[in-house]
Amino acid sequence: MKVIIIGSGMAGLTAGAYLAKAGHSVMIFEQFPTPGGVTATVWQDGFGWDIGPLLLEGFAPGDKGRVILEELGVSDRVPAVHEDRGLSMPEFAMWHPEEYEGPYWRRERLKKLFPKESDALDRYYRFYDRMIRLMSLGRQVETARGPAALWLKLRMLLAFQPVKSMVNWSGGQLMDHYFTSPVLKTFFLGIVADFVTAPSEFPGLGVPSIHLETAFDKHIPTYPGTRSAQTAYTYILGGCQSLVEAVMSVVTGNGGKVLTGTAVRRIVIEEGLATGVELADGRIERADLVLASGGMKEMFFDLVGSDKLPDVLIKQIEANRLMESVLMVQLGIDFDPTPYQPAALCYYYKTDDLEGAVRRLRTGDYHEGKEGFLIYVPSLHSPSLAPAGKYAVTIYTVAPDTLNTGNWSSRKEELANKLVAEAEAHIPGLRAHTLTRLILTPEDYRKRTHQKHHSFGGVPPVMGNKPPAHKTPIKNLWFIGAQSESTGGVLNVMTGAQKVAKRILKGE
């Protein structure tokens with residue numbers, strides 16, 4: 001069977017690897033000059049930086065992403081290190097203690113900072129534990145069969161009862177239920193701004209899953225050793241390009257092709273069947289199956305055409321809200337930043353007005369770093385990403401895909417300077433000690449992803465958002481990638497592509 005895949009991000013490469021390994025003929029067309037999509041490592045003057053993934057879940061031993069690499073036979077080519085991150089707010093910063101203080105040390109520290117909220121913190125963490133128990137049972141159900149699966153489902157039903165009344169709550173309602181302090185609400189829910197999702201839009205029962213305690217202390221026991229849904233977080237050593245190259249090698253090593261700099265103009269549909277693609281130069285490539293990743297509007301409306309789609313799918317696509325983009329400033333510096341930031345990664349929250357921050361981003365009003373950003377020093381875990389004695393640094397923040405004043409091309413340097421200036425409040429001397437600098441704006445990401453509106457991370461976890469199904473109404477056409485998954489992310493797009501490939505191999 002001949003399979004054409006549009007896009008060489010981790011979704012396209014993963015699906016292609018499974019299908020090629022199973023003996024099918026695979027061709028992957030990538031419009032950008034290099035493969036990997038946003039899961040790539042870029043280099044300049046001896047410094048390397050990832051342009052997308054940072055601290056990843058799912059790649060520790062036994063976890064879903066690692067299992068995919070093992071199934072493909074390339075796990076040894078993608079070494080990872082188990083780490084955690086810091087969290088800084090205007091009022092305080094939270095870093096894991098030097099000596100392990102148990103899984104609830106953050107709760108106890110927060111009680112000292114917010115003594116009037118002590119009972120509320122106890123109640124929230126009881127809720128947190130219930131949700132972790134539910135998610136843990138859900139993970140076990142995924143692989144259980146027969147009576148064991150029925151027993152686990154019954155346990156899930158019983159475990160769900162204490163939180164059943166909250167099922168339709170938003171994240172904002174959940175925080176209001178537990179806390180009065182806006183600072184505490186932001187502490188637990190601030191990450192939703194990274195998805196450009198307002199607290200009033202995010203599903204309340206999902207809050208623990210986006211703020212796992214294990215993200216902030218690598219010493220807390222994690223899945224699979226504890227059967228807990230609290231997964232470990234890891235960095236890919238040497239940069240995420242090794243992940244791209246390892247999975248791509250399965251495609252090419254099994255006779256498949258990855259053709260970069262080759263754009264697809266349209267998907268050929270004949271009598272309701274996808275039969276191939278037309279390339280930008282007019283050539284037609286025939287195939288038995290077509291898998292397309294990328295933007296949902298670009299794929300369905302531009303490559304397929306609205307006239308070939310059912311009205312219900314058109315309405316579903318139009319109703320989906322997308323994320324916004326990012327401004328990323330990559331620096332090579334000549335001093336050690338760890339006296340100021342002790343871990344490789346820290347999120348810096350600068351506002352408690354998450355609702356307003358999201359609303360402003362969606363209308364093109366860029367905050368210039370004043371409402372928050374993160375600083376990531378990848379050379380701390382991967383010294384190969386910087387020359388000896390030097391450090392690679394990434395500063396990034398969510399940003400509108402399109403500015404309401406000026407444009408990214410004309411304001412690139414100005415807005416990069418302002419973001420670095422905000423970061424210097426935490427790591428002084430960044431500008432004076434910069435040896436090289438690389439700026440990536442939403443316009444750069446649009447070119448890399450071939451999207452008219454760059455959505456960093458895909459489809460946001462907004463209540464009511466429903467990405468199109470992997471299996472499309474057009475026979476022999478599948479949709480994969482970040483905009484086929486809620487919140488996207490490397491793990492989600494890889495597991496989604498894995499499921500699609502296995503469905504195809506079973507004959508769907």
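The model is predicted, so to speak of local features we need pLDDT of at least 70, and side-chain atom pairs count only at pLDDT 80 or more, while totals for chains, interfaces and linings use all residues. Residues are numbered from 1 along each chain as its sequence is written, and side-chain values use heavy atoms, with hydrogens and water left out.

I start with the helices. Helices here are DSSP runs of H or I with at least four residues, strands are runs of E with at least two, and both are numbered from the N terminus. Two packed helices are described by the angle between their axes and the distance between the axes. Helix α1, residues 10-21, packs against helix α15, residues 490-505, at about 30 degrees, and the axes are 8 Å apart. Axes are lines fitted to C-alpha atoms, for helices over the stretch in contact, and angles run from 0 to 180 degrees between N-to-C directions. Which residues of α1 meet α15? They are Met-10, Ala-11, Thr-14, Ala-15, Tyr-18 and Leu-19, where contact means heavy atoms within 4.5 Å. Their partners in α15 include Val-490, Met-494 and Lys-502.

Next, the sheet. Three strands form an open antiparallel sheet in the order β11-β12-β13; two strands pair if DSSP finds at least two bridges between them. The edge strands, each pairing on one side only, are β11 (264-270) and β13 (284-286). Strand β12, residues 273-279, pairs with β13 over 3 bridges. Val-277 stands opposite Glu-285 in β13.

Last, salt bridges: a side-chain nitrogen of Lys or Arg within 4 Å of a carboxyl oxygen of Asp or Glu. The count is 31.

Asp-122 and Lys-111 form one of them, with the closest N and O atoms 2.7 Å apart. Asp-122 lies in helix α4 and Lys-111 in helix α3, so the pair ties together parts that are 11 residues apart in sequence. Is Lys-111 buried or exposed? Lys-111 is buried, at 17% relative accessible area, and Asp-122 is partly exposed, at 22%. Buried means under 20%, exposed over 50%, partly exposed in between, with a 1.4 Å probe and protein chains only.

Glu-201 and Arg-362 also meet in a salt bridge, 2.8 Å from N to O. This pair links distant parts of the chain, 161 residues apart. Glu-201 is buried at 16%, whereas Arg-362 is partly exposed at 23%.
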